[in-house]
Structures are given as structure tokens and as C-alpha cells.
Amino acid sequence: MEFDSKRFTIIDHPLVQHKLHLLRDENTSTKQFRELVSELAIFEGYEAMRDFPLEDVDVKTPLEVAHCKKISGKKVAIIPILRAGLGMVDGILQLTPSARVGHVGMYRDPDTHEPHQYYCKFPEDIENRTCLVVDPMLATGGSLTAAIHFLREAGVKDIRALTLVSAPEGVKATLDFDKDVRLFTCALDRQLNEHAYILPGLGDAGDRIYGTK
């Protein structure tokens, strides 16, 4: 299955691949798993914001004036899909400390695998911000497409989704659902199983981040 390279990016940096093998390992501790999720979010954030526009700025160093660049007028909002998406927020905030954070809470029905919303709150000026929707796992795409729908209803024009491990089914569903969304992931796995878990995947990201079963 092939996807539009203008809207779908796999971040294959050697350090990302190294951290992914640790993330997948069933013997990785909760503490290390949580740290790896945050670190991988930083790598993704770099790529997702690579095209932010720049403007010239002069800065006085201890020796002379330096002609530099700064980001030009971009406001960012980070939108984690609860609860696993919270594990990626701190990593992104290291890159953009002034970003606002909204939340979308959804759970997946164990029988139908459909998402059900239980919480949604965005910053007041969300329509003026570039929104980074974060969730470690992209399985069926149900939760992610629902979050995208909520953001479009709120007037958001620039939506970028960041996941760590994705299934082809979820990637296709997301890109088909919204023709303007951009999707970044660290790994495109083989498929979903009959329970809509990603194979080979890494298990339940939320359980592994928070040490629950």
C-alpha cells in the first residue's frame, strides 16, 4: 500500500529506529517506555514543524550584531488524544514551550472498535493555530479522524497528526478522511489483527506508559 508522500512522512532517522526497538520490547520498563515516547515525540516535532516560515531578526551578541532567523508568527496547539497521547506532550513542549494544549478524550468500544468521545476542550483561539494532534498508536484511525473532525468544526485549517506506530489501515483511513491533513509516524507496521491491535506493534501504549493492565 502506497501513500501520498506530500502528506505522509515516515521518520526513519537511525536514532528513531534504535529507540523504536526499545519501545517495542516487552521487557522495557514503564519508566523507560515513558521516556522513549517523549523522546520520539521530539524527533517527530522537528519534522512536523520543519516548514514553519522564518523572518529576519538582528541579535546583538557580546561581539557584534548577528543577522539571524526566527519563526514568523506561527502559533501552535498540541492536541493529545487521551490518554496515551499525553505521553507525547512534554516532548513537543520542549520544542515549543509557548504552545497551548487542548485535549480530546475517547475510548474504543471493545466489540465494535469504534471511538466514543467523553471529553473535548480546545484553547479559545484554536482556529488561529497550527494543531499537532498526538497519539502514539494509529490503528483503525477512528479516534484520530474523530479528533480531526472536531478540530475542523472548530475552524482549524492546519492539522498535523503525529503518531509513533501506525497500521496501513489507519493511515489510509486518516488520509482518505481529510484531504488536507498531514500525517507523521515513526513506523508503518504490517497490519491489524482481529482485535484491531497493530502487528507487530508494541501492545497497549496507554497501559505501558502508565503501568496499568
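This is a guided tour of the predicted model, stop by stop.

Residues are numbered from 1 along each chain as its sequence is written. Because the model is predicted, local features need pLDDT of at least 70 and side-chain atom pairs count only at pLDDT 80 or more, while totals for chains, interfaces and linings use all residues; side-chain values use heavy atoms, without hydrogens and water.

**Stop 1**

**Stop 2**

Pick Asp135, in the loop between β8 (130–134) and β9 (137–138). Helices (H or I, at least four residues) and strands (E, at least two) are DSSP runs, numbered from the N terminus. Aspartate 135 is buried because its relative accessibility is 14%. Buried means under 20% relative accessible area, exposed over 50%, and partly exposed in between (1.4 Å probe, protein chains only). Beyond four places in sequence, the contacts of aspartate 135 include Ile81, Ala84, Gly85 and Met88, along with Leu162, Thr163 and Leu164. Contact means heavy atoms within 4.5 Å.

Move to Ala139, in the loop between β9 and α4 (142–153). Alanine 139 is also at 14% relative accessibility, so it counts as buried. Not counting residues up to four places away in sequence, alanine 139 touches Arg108, Ala167, Glu169, Gly170, Leu192, Ala196 and Ile198.

**Stop 1: the sheet through β9**

Show β9, β11 and β13. These three strands form an open, parallel sheet in the order β9-β11-β13. Strands β9 and β13 are the edges, each pairing on one side only. Two strands pair if DSSP finds at least two bridges between them. Two bridges join β9 to β11. Zoom in on methionine 137, which stands opposite valine 165 in β11.

**Stop 2: the loop between β15 and α6**

Select Gly203, in the loop between β15 (198–199) and α6 (205–210). Glycine 203 is partly exposed because its relative accessible area is 41%. Aspartate 204 is in the loop between β15 and α6. At 30% relative accessibility, aspartate 204 counts as partly exposed. A polar atom of its side chain lies 3.0 Å from the backbone nitrogen of glycine 206.

Proline 200 lies in the loop between β15 and α6. The peptide bond from leucine 199 to proline 200 is cis, with omega near 0 degrees.

**Stop 3: two more backbone features**

Most residues other than glycine have a negative phi, and most peptide bonds are trans. Go to Arg83, in the loop between β4 (76–82) and α3 (86–95). The bond from leucine 82 to arginine 83 is cis, with omega near 0 degrees.

Then pick Ala196, in the loop between β14 (191–192) and β15. Alanine 196 has a positive phi of about 65 degrees although it is not a glycine. Alanine 196 is buried, with a relative accessible area of 5%.

**Stop 4: Val104**

Select Val104 in strand β6 (residues 103–108). Valine 104 is buried because its relative accessibility is 0%. Valine 104 and isoleucine 79 are 25 residues apart in sequence, yet 6.9 Å apart in space, C-alpha to C-alpha. Leaving aside neighbours within four places in sequence, the contacts of valine 104 include Ile79, Pro80, Ile81, Leu82, Tyr119 and Phe150.

**Stop 5: helix α1**

Finish with α1 (residues 14–24), whose buried residues are Val16, Lys19, Leu20 and Leu23. Seen down the axis, these fall within an arc of 110 degrees, so they line one face of the helix. The arc is that of the directions from the helix axis to the C-beta atoms. Show what covers them: α2 (30–48), β11 (165–166), β13 (187–188) and α6 are included.

Conventions:
Polar contact = N/O pair within 3.5 Å; in protein donor to acceptor, adjacent residues only side chain to side chain.
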